[in-house]
Each structure stands twice: as C-alpha cells, then as structure tokens.
Amino acid sequence: MSLPPLVEPAAELTVDEVRRYSRHLIIPDVGMAGQKRLKNAKVLCVGAGGLGSPALLYLAAAGVGTLGIIDFDVVDESNLQRQVIHGQSDVGRLKAESAAASVREINPLVNVVIHNVALTTDNVMDIFSGYDLIVDGTDNFATRYMVNDAAVLLGKPYVWGSIYRFDGQASVFWAEHGPCYRCLYPEPPPPGMVPSCAEGGVLGVLCASVGSIQVNEAIKLITGVGEPLVGRLMIYDALEMKYRDVKVRKDPECPLCGKNPTITELIDYEAFCGTLSDEAQEAAAGSTITALELKDMQERGDDIYVIDVREPNEYEIVNIPGAVLIPKGEFINGSALEGLPQDKKIVLHCKSGARSAEVLAILKNAGFADAVHVGGGVLSWVKAVDPSLPTY
Ligand SMILES: [Zn+2]
C-alpha cells in the first residue's frame, strides 16, 4: 500500500541546500519535490537514547527542516556504548541539549526544538500537535502506550521501534490507514515479565539497525515514496542476520482505533502498565530493607542468607559480598526453592529492586514469611555502601 506524501513541499531550496542534498536530488523518487517536503517536515523524536541517537543523526543529515527532541534524562557513561549522538564530554549533560548540539553540527540548516521535559499526559497532546510525524524511541511500556494513544487521538502517524539484546522490531502505526500499537499489543506484558534494556542488555549496533529502519520509514512517509511499514511488523534477528515482516491487521475491536472505541482520551499509563505486579507490591510492603540495613545485619553477624536474583553476567559486573547467585528464573520454575535454608532469614536483591520484589512474592507464597528484599538493589548498595564499585 503506497500512501500520499505526508508533507507539502517547501517553496524552494537554496543554493546551499541544493549542494548539500545533491545525492538525494539525483534519486528520481526523491528529487527536488521530495527534498522540499523534507525541508517542510516537522518530526519529533521521543527520546534521545538508543534509537533516538541514530534516528536524529540521520533525520538531521537528510534535511528534515524541523527536528524536535524530547528527553529529560542526562547522559550517563553507560549510554555511550550505543547512544552515539552523545560523546564522552557530554556525560552529565542533558541528553536533549547534547543531541541538539550534534544535530546542529551535522546540519546547521535544521531548526532544532528542545523539549527538556518528561512526556506526560498533561503535555503530550500539546507537544505532538506541533509535528507532522513522531519517531518513537521510548524504552518503557507506559510511555509507549501513551505515544500510541496520543498519536491516534491526534490522527498522526508514528514510527515505532524496539530493541532488546540481538532482537529488533519496527513498524509504522497510523490508525487512518492501518493498525495501531494496541491492535498489535492490546495489553502491556505483566510487570516484571519483560526485562528492560537496563536489565537485559542491548547490543549497541542493534540501535543503528532499528533506528535506521525508523528513519527510512519517516522519509518514505514524508515524501510519499515506496511501501511504508503500515500494517506490517518488521522483525530483525541480528544473530541469524534475518529480517522478516509479518502482516498486522487493524483490530475492529481495538478499544482505541476500532469501530466502537472505549478509549477516547488519555489514561493513567503508569497504572495501566504497572511497575510491579500486585503480588510483588504486597510482598514488598513491610518486607523491604535498605542497603545500609543489610550492611548492618552482615556486620552484626545476623543469621541471614543473601540471594542475588540477577543473571550471572550481571553478578560478574558487580555483586554484594556474601550474596549467593540464584537467577529469578529458578524461582519462577520452582527449582531454587528446595535448596533454600529453612533456618536463616532470606535477603533478596537484584539490580534495582523490581525483580527481587517479584521473587519475594514467590518466597512468601512458599512459606518463607520473614524473607525481605533490598529496596533499590545492588545500585543502592553501591551508592550507600561502596561507591568505588562499578554500576551498569
Ligand atoms: Zn488499534
């Protein structure tokens, strides 16, 4: 299905622009008209992180006239492995500003708009309404559903991408011409089931593979060339080096873009996606200790059994002295339970406290009533007990 161009062409290109974009201009499908459409286009990139970095670099180089960058985070050393729009000297700087500086360096003709705010239900409609197209580079489900819902309610297309370890996915969601994200994924995964990139890792270059698909689709939508990824999900396996696409149909019963929509305005996305399951929240209430409290227990010689429920490669990066590694999966399949000491108080921890709360719920169910977990996980241990240790 080909679609008409999303953006009207600008009146003209300057001599400088003709020189700069000459390799586009001599592609018959792009040509002067296509480049003028890019010049007139307003594209918003949600997030200047893993996907936003390559996306912004290539959108800028391609000559998209107005580029919005929304991000409220600051550049961290652990971002540099994949977020190539930022450099060493940007560590500690606001990502939106660091990204804007790189965009200006690549193409000073781009009008960069910095939105140094968290995207919320209070501002998303207002911010999105100033753009023709959204490129979604978010890494969490709450924002992802919010981006989808706002785009559908405003009737705007957006290019979605997601990355995890060696696996990437991308699609174009545009409810007027095809399905939306909710048609594909009506419900968010249960909290704690899908690890984030911070928990599970991501191959740096995967961001470039998926981010470049997103830019490719953005350019096609703006200029009206080719077959956009509307109604198709692109799945990329970097280990097998395989791309495949599957058809995604519009769900007539979709609560947002279906025949009888029940979602007609933005909802509470944190509550919809949950950060912790109800069971985990219940288990953690009154059974959460701080890293300093764990340190005190160890120094007093309390009879405790500290279990790290992360994965072996995470344990290798940094661990709490004395902690035994038993990954979360062994609690979920039950194999870890019989080996646990009955006569010691069990103290669980993970990276930041989410996985350990899920495991805590399993242990409480299995009768370990006095088990606790460390709020904030090993990250809070490093912060409060031994800042010389590495974090990730
Ligand atoms: Zn839908």
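Angles under 35 degrees count as roughly parallel, over 145 as roughly antiparallel, 65 to 115 as roughly perpendicular and the rest as oblique. This is a predicted model, where local features need pLDDT of at least 70, side-chain atom pairs count only at pLDDT 80 or more, and totals for chains, interfaces and linings use all residues. Residues are numbered from 1 along each chain as its sequence is written, and side-chain values use heavy atoms, with hydrogens and water left out.

**Exercise 1. Describe how α4 and α10 pack**.

Step 1: find the helices, which are DSSP runs (H or I, at least four residues; strands are E, at least two) numbered from the N terminus. Here α4 covers residues 52-62 and α10 covers residues 204-223.

Step 2: take the angle, which runs from 0 to 180 degrees between N-to-C directions of lines fitted to C-alpha atoms over the stretch in contact. For this pair the angle is about 40 degrees, and the axes are 8 Å apart. The two helices, α4 and α10, are therefore oblique to each other.

Step 3: list the contacts (heavy atoms within 4.5 Å). From α4 come P54, A55, Y58, L59 and A62, which meet C207, A208, G211, V215, A218 and I219 of α10. Sorted by class, the residues of this contact of α4 with α10 are ten nonpolar, one polar and no charged. In this sorting, Ala, Val, Leu, Ile, Met, Phe, Trp, Tyr, Cys and Pro are nonpolar, Asp, Glu, Lys and Arg are charged, and the others, Gly among them, are polar.

**Exercise 2. Now try α3 with α10**.

Step 1: α3 (residues 31-40) packs on α10 at an angle of about 105 degrees, with axes 9 Å apart. That is why α3 and α10 are roughly perpendicular to each other.

Step 2: G34, R37 and L38 of α3 make the contact with I219, I222 and T223 of α10. These divide into three nonpolar, two polar and one charged.

**Exercise 3. Work out the arrangement around the zinc ion**.

Step 1: name the protein donors (N, O and S atoms within 2.8 Å of the metal, or 3.2 Å for Na, K and Ca). They are the SG atoms of C180, C183, C254 and C257, lying 2.3 Å from the zinc ion.

Step 2: check the angles; four donors count as tetrahedral if all angles lie between 85 and 135 degrees. The four donor atoms subtend 93 to 121 degrees, so the arrangement is tetrahedral.

Note on methods
Tetrahedral: all angles 85-135°; square planar, octahedral: opposite > 155°, others 65-115°.
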